Amino acid sequence: MELTFLGGARTVTGSRHLVDTGRARVLIDCGMFQGGPDETMRNRIPLGFDPSTLDAVVLTHAHLDHCGLLPLLVHEGFRGSILCTAATAELTRLVLLDSAKLQEEFAKRAKRRGRRDPERAAADDVRDERRFEADLDVALAGAESPGGPDPEDLLRGAPPEVVLDFDAPIYTVDDAGAVLPMLRHVPYGMEHEVAPGVLVTLLDAGHILGSSLIRMRLTHLDGGRDTLIVFSGDLGRPGTPILRDPTAVPEADFVVCESTYGGREHEPTERSTQILEAVVNDVAARKGALLIPSFAIGRTQEIVWELDRLVSEGRIPDVPLYLDSPMAKAASDIYRGHPEAYDQETRDLLAAHESPLDYPGQHVVRNAHESERIAHARRPLIIVASSGMLTGGRSVGHAQRLLPDPSATVLFVGYQGEGSLGGHLVRGATTARIGGHEVQVRARIRTLDGLSAHADEPELIAWLGNFVQGRRPGDAGVPKQVFLVHGDPPAQEALVPRVEALGLDVRVPLWHETVALD
């Protein structure tokens, strides 16, 4: 039995883990790499296996970095089922169709730019080819590590002739549509056999609506003891708004655990609320503009929830809010349709006929023309737009306009990956390059860690502590090894000694590395 890390290895995006038992192959997530150009180029690397040999995919949640390459997987031959919760299936439909539409639009723009400036287009192609070759070398290096496959296996899934068009979409709207009939709804807490000898139970991860951590039980033909693997997916935080807390799991042989916030502790939730209150009041007093880049699913709903509460309590004025993300509006509608996932506080609000997912008098921006008109709207105002790391979407256009404005504030409320524009800004960048133009950063840059949907280091350690509670290393149910994924190297380096202090063996896998599960 083997586990191969095809994404989310020493980076916070592109989650994709392949379990191969010898008689079945199951993929956990099939995410897209996001961030800077060097990260996104990894989406062009061959998948590392033949998709037609997969029995099933199990999906932890609907964020693009976990589901975003499912259309490519299906396009290249996968024909099995994709198991997930009902809420995840609805959100995945939204995310994949939006991603495909944007890719097609960007490809059309690139072709128009190429016709206007062929020399620059040719230079860009050379640059992209170099990035591709460099990333392929990284994948091969991981595959050559002990236990890894023959590096040539990475390329066998590709068609006989490969013509790389770096401006072409990775997949189309039709490709995304082909995924939807394959989504199979599975409720929390019920074990399902997804492939011969592979039994899976989805448990609430508390990250976004429908998010799951996965308990996978692998049976042995010789009747030996089952092997139990737990995948954390993206682990949420106890006590956050709207959703239930992450599920504690008491036993496993192997754990694949996210590490996004290794080495960091979130500020208390009330402190975050006070910062949000102060930022909004400052913007209102200065008649400025507040841009909150936010992921359309999860963060946007929580931000609106907090802003609505602050207005209701009289702690901030009713500043006009522009929700400039069609996907966020659709996602909020899906959230409303799944009250079974809510925590007790949110259920109580609904029972009192309050709407915690709506801000009073919010303006829902429906198209690009309305988005551009916000530049001329009366201030003060608040703009909530995706994406959360300023890697794409309408938030980038607003940032280009507002970053040079000293009366503007940009407030980041989620993790900002290394190499992303958001990451550079929170680390003190004084200039930014957007759409080929250099922009001076004169706006105020603020961060809000307490509203993150990811567990911080103490919360990760507390969750992992459930596996050793009342036991010692070597006892039944105590993991033989913990694999840290979905984290940048500094976060993982900080987290390793904390996990080791629990008495657990820790490993940080390389991209495309394979390990034996024995």
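Phe5, Phe254 and Phe483 make up one aromatic cluster. The structure is a predicted model, in which local features need pLDDT of at least 70 and side-chain atom pairs count only at pLDDT 80 or more, while totals for chains, interfaces and linings use all residues. Residues are numbered from 1 along each chain as its sequence is written, and side-chain values use heavy atoms, with hydrogens and water left out.

Rings of Phe, Tyr and Trp (its six-membered ring) pair if their centres lie within 6.5 Å; planes under 30 degrees apart count as stacked, over 60 as edge-to-face and the rest as tilted. The whole structure holds 4 aromatic pairs. One of them, Phe254 with Phe483, is stacked, at 6.3 Å centre to centre and 20° between the planes. Phe254 belongs to strand β11 (residues 254-258) and Phe483 to strand β20 (residues 481-485), so the pair ties together parts 229 residues apart in sequence. Strands are DSSP runs (E, at least two residues), numbered from the N terminus. Both Phe254 and Phe483 are buried, where buried means under 20% relative accessible area (1.4 Å probe, protein chains only). Trp463 and Phe467 form an edge-to-face pair, with 5.4 Å between centres and 85° between the planes.

The count of disulfides, defined as pairs of cysteine sulfur atoms within 2.5 Å, is 0. Cys30 is in no disulfide, and the nearest cysteine sulfur, that of Cys67, is 9.2 Å away. Cys30 is buried, at a relative accessible area of 0%, and Cys67 is likewise buried at 0%.

Conventions. Buried means under 20% relative accessible area, exposed over 50%, partly exposed in between (1.4 Å probe, protein chains only). Helices (H or I, at least four residues) and strands (E, at least two) are DSSP runs, numbered from the N terminus.
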